[in-house]
Amino acid sequence: MSQILLFGAGATGSRVARQLRSTGLIDALEVRDANEERLDALAASFDGWVTRGVGRRIEGRYDAVVLATPPGSQVALARRGVHAGVPVITTSNQTSEVRRLLALDDEAAYHEVPVVVGAGFMPGLTCLLARHGARDYDEVDEIHVAKVGTGGPACASQHHRALSSTGVDWRDGRWMRRAGGSGRELAWFPDPVGGRDCYRAALPDPLLLVGHFDGVQRVTARQAATRRDRLTAPLPMLRRPHPEGGIGAVRVELRGRVGVERRISVFGAVERPAVAAGAMATAVTLEVLRGRIAHGAAGLAGVADTVSMLDTLAAQGVKPVRFEGITTFV
Amino acid sequence: MGAGFITMVRRTVVAVTVGIAVAAAIRVRGSGGVPPQTGGWRELRGDDLR
């Protein structure tokens with residue numbers, strides 16, 4: 001009997017709950033959230049399958065704990081999960097928090113549990129697609145990821161902060177600090193999103209990718225922004241974010257060597273970010289329950305079997321795509 | 001000396017103004033790039049998922 005504990009009943013958390021239910025593989029889900037009204041609404045939408053929980057204490061009876069709380073609140077919960085011997089799936093997209101989650105590696109290995117760092121749309125699906133695409137290469141030299149759109153209000157606030165904060169790129173074997181909002185690059189996302197101007201921002205993807213690709217020379221992450229986004233980035237948000245953003249997309253570009261040939265491949269996905277993050281967290285939870293995720297704290301770029309998760313995602317309605325038609329060059 | 005200084009200031013102001021106008025025109029009117037002319041997106045399937 002599998003029992004999951006979910007923290008967060010917001011846009012992403014509610015999607016995680018629905019998608020875990022749709023798998024038919026989870027016997028019980030306990031949800032905890034500081035917002036009682038939101039928690040009641042989520043619990044009421046299920047016929048007794050979801051139970052309401054309180055507090056931040058994590059007992060060892062759960063098979064996994066999924067953290068879908070706002071960025072900045074996940075490290076303490078993850079540590080509690082590790083100490084209780086419960087596998088932890090996190091969805092944070094905040095750079096500083098991702099660093100601290102990765103730093104739980106030794107503790108997680110000692111307690112023999114996995115801590116999956118960044119099981120969302122980006123990071124999450126981007127890391128998985130990078131690992132999946134790398135199978136075609138003898139050597140990956142460059143990885144460039146980009147995203148459009150936001151999930152719930154907490155995600156939108158983080159997106160806003162990221163654009164005015166310092167990001168990190170990996171270049172020629174060392175970390176480079178980059179100003180948020182700089183480095184405009186036009187990126188083509190899967191239809192119907194199309195071309196968007198993307199900029200550097202405080203995005204954690206390079207931290208989750210670099211360690212899993214030996215010899216990679218450049219790893220960058222960008223997010224789409226409008227002129228108004230860039231102009232208002234240093235200011236507090238001028239109005240409350242929407243309950244949920246619209247359609248979003250991610251894009252992963254790999255450059256490397258296959259034999260003597262240089263090659264580029266581009267992967268992507270289009271979905272509402274909260275829906276995709278929920279599907280990703282669900283797919284990862286199932287992998288954790290099957291015992292296929294290694295102990296320790298790491299992102300999804302290190303998983304051995306990408307196909308199983310991509311299959312689960314497809315069953316949840318999130319279907320990654322690949323761009324065909326790019327010329328290769330010698 | 002005074003007239004030459006004023007001329008230099010005036011030319012500088014004109015040069016900066018023209019520069020800003022050109023940069024703004026490129027920024028606002030520029031297309032930013034050419035969409036891919038060949039190929040397209042397709043779902044991962046078959047060999048992609050083995």
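Visitor: What does G85(A) touch, not counting residues up to four places away in sequence?
Guide: G85(A) touches G60(A), H111(A) and V113(A) once residues up to four places away in sequence are set aside; contact requires C-beta atoms, placed from the backbone, to lie within 7 Å. This is a predicted model, in which local features need pLDDT of at least 70 and side-chain atom pairs count only at pLDDT 80 or more, whereas totals for chains, interfaces and linings use all residues. Residues are numbered from 1 along each chain as its sequence is written, while chains are lettered from A and ligands numbered from 1 in the order in which they are written.

Visitor: Why is G85(A) called partly exposed?
Guide: A residue is buried with 20 or more other C-beta atoms within 10 Å of its own, exposed with 12 or fewer, and partly exposed in between. G85(A) has 13 C-beta neighbours inside 10 Å and therefore counts as partly exposed. G85(A) is placed in the loop between α3 (74-83) and β5 (88-90) of chain A; helices (H or I, at least four residues) and strands (E, at least two) are DSSP runs, numbered from the N terminus. Between the C-alpha atoms of G85(A) and E112(A) there are 7.3 Å in space, against 27 residues in sequence.

Visitor: Why are β3 and β15 of chain A said to stand at the edges?
Guide: Strands pair if DSSP finds at least two bridges between them. The 7 strands of this open sheet follow the order β3-β2-β1-β4-β5-β6-β15 (chain A), with parallel pairing. β3 (50-52) and β15 (296-298) of chain A each have a single partner strand, so one side of each lacks a neighbour in the sheet. On average, neighbouring strands are turned by 20 degrees against each other, direction ignored. β1 (residues 3-7) and β2 (residues 28-32) of chain A are joined by 5 bridges and run parallel, with Q3(A) opposite A28(A).

Visitor: Which residues touch the most other members of the largest nonpolar core?
Guide: They are L6(A), V66(A), I89(A), V115(A) and M280(A), out of 108 residues. Such a core is a set of buried Ala, Val, Leu, Ile, Met, Phe, Trp, Tyr and Cys residues joined through C-beta atoms within 7 Å. Helix α10 (residues 273-289) of chain A gives the most, with 10 residues. Among the contacts of V115(A) beyond four places in sequence are A78(A), V82(A), L101(A) and A297(A).

Visitor: Into which domains is chain A divided?
Guide: Chain A consists of domain 1 (3-120 + 276-311) and domain 2 (125-273), with bounds taken from an automatic or database domain assignment. Their centres, over C-alpha atoms, are separated by 23 Å. The contact takes 24 residues from domain 1 and 23 residues from domain 2 of chain A.

Visitor: How many residues of chain B are in contact with chain A?
Guide: There are 14, meeting 18 residues of chain A. The touching side of chain B comprises 5 nonpolar, 5 polar and 4 charged residues; Ala, Val, Leu, Ile, Met, Phe, Trp, Tyr, Cys and Pro count as nonpolar, Asp, Glu, Lys and Arg as charged, and the others, Gly among them, as polar. Strand β16 (residues 321-324) of chain A and strand β1 (residues 40-43) of chain B run antiparallel and are joined by 4 bridges, with F323(A) opposite W41(B). Chain B has 1 helix and 1 strand, and 4% of its 50 residues count as buried.

Conventions. Contact = placed C-beta atoms within 7 Å. Axes fitted to C-alpha atoms, helices over the stretch in contact; angles between N-to-C directions.
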